[in-house]
Amino acid sequence: MICVRFAPSPTGYLHIGGARTALFNWLYARAQNGRFILRIEDTDQERSKAVYVDEILNSMQWLGLAADEIYRQSERFELYRKTAESLLEKGLAYREGLAVLLKIEPQEIKLFDLIRGEIVFDAGLLKDEVLIKSDGSPTYSFACVVDDLKMEITHVIRGEDHISNTPKQMMIYQALGHKPPKYAHLPLIMASDGTRLSKRTGAVAVMDYQKQGFLPEALVNYLLLLGWSPGENQELISLDSAVKKFSIKKVNKSAAAFSMEKLKWINAQYIKQKDPDALTDILMQFMRDRNLIPEDYDRQRMHRIVELYKNRMTTLEEFVERTRYLFDDRAPIDEDLKNKYLSADRSKEFTEIYKRFGQLHDFNRDSAEQAFREAVADQGCSMADLVHPVRVALTGSDVGPGLFETMELLGRKQTVDRLKQAFQHQ
């Protein structure tokens, strides 16, 4: 049976590169009806932290990448020690103090990488490989090989930064009398300008994307496109569809470029496609988690807000920013917008508008529009003269959904109060 593993070290949070490696392993396992193992490589007892383990597990769960089995290397030290002793007994390794080292014999090592083709290494350039360090803990490469053998890993899919580890590990396999698994080294993810990915250009923890309001299915979709394509210029693809199309041999050799703009575009498409009821629940939880709305916030009102804005946001965080005026008592107005739209004294026109609003039997988008048009006609000005100033006074922005839909959501009292406040400073 095909068996792959994702093996992060809990010395930091799970970032974009690691998440894509996990995804491609998960995809390959599902496409081949195989097993997907999550192996926490926590042999570095000083740097490994429980908080990072929790973050990795939470990130994987959020992305929908469930593992069939989970192991921790810190629980397997006895296995590594016994394996090293077997090599000592065969004369293939030797002690140097408390450490155990593998004898490296000069030879040519050939690797056929499923993505890159044949790679040739000269083992004569390698030093004898440390298997067990003087503190009794295994080295990365030794623990990796022992576990891959024990877990019957058939394919190792990992980042190309691990290519330099491959000849060392192949020599350990040889010493243990086993054939190595098949290897596939994924291209690195770079910033869009070709430089190393940084925090500024997208190299942040997976859970930070959750906090920014990206949907997990959108992030997974984007990760899929970093080095692989479903073909026919298709950019939106579900995990289920990707499983049917995925081939590790079709992964690109060249580095993938990370683009925050592309990620936001994909996220916006998923938001647009989301059922309004489901999106309402997601956004209500998102805002509750940030203490922006109470637990008992009016769900029907939130649903109306969501329907108005679902085609106008790229992230849930952007929804919060754009709709802040609907949840605050007053709309903060940027000084530039104030100077542009509210510097001329329109108090006479505004007064006429809110007076008419106060006389309406029912206040809704249609009645508000009718009253607004009548007020504009009576004042002898045009709609264009007042639409932007009124919008800025009500929302603090000069862009947004329909003005009268916005008024209906604000309600009569808030609409009238904000129109009254607009020129109080004059």
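Helix axes here are lines fitted to C-alpha atoms over the stretch in contact, and their angles run from 0 to 180 degrees between N-to-C directions. The model is predicted.

**View 1. Helices α15 and α17 cross at roughly 75°.** Helix α15 covers residues 347-359, and helix α17 covers residues 383-395. Their axes come within 12 Å. Angles of 65 to 115 degrees count as roughly perpendicular. The pair α15 and α17 is therefore roughly perpendicular.

**View 2. Side by side: the residues where α15 meets α17.** From α15 come E349, F350 and I353. From α17 come L386, P389, V390 and A393. The contact of α15 with α17 divides into 6 nonpolar residues, no polar ones and 1 charged. Glu counts as charged, and E349 belongs to the α15 side of this contact.

**View 3. E152, a residue other than glycine with positive phi.** Phi of E152 is near 55°. E152 is found in the loop between α4 (140-150) and β9 (155-159). Is E152 buried or exposed? Exposed means over 50% relative accessible area. E152 has 56%, so it is exposed.

**View 4. N233, with positive phi although it is not a glycine.** The phi of N233 is about 55°. N233 is found in the loop between α7 (216-225) and α8 (239-245). Its relative accessibility is 75%, so N233 counts as exposed.

Methods
Residues numbered from 1 in each chain as written. Predicted model: local features only at pLDDT ≥ 70, side-chain atom pairs only at ≥ 80, totals over all residues. Heavy atoms only, no water. Helix = DSSP H or I, 4+ residues; strand = E, 2+ residues; numbered from the N terminus. Buried < 20%, exposed > 50% of the residue type's maximum accessible area, 1.4 Å probe, protein only. Parallel < 35°, antiparallel > 145°, perpendicular 65-115°, else oblique. Contact = heavy atoms within 4.5 Å.
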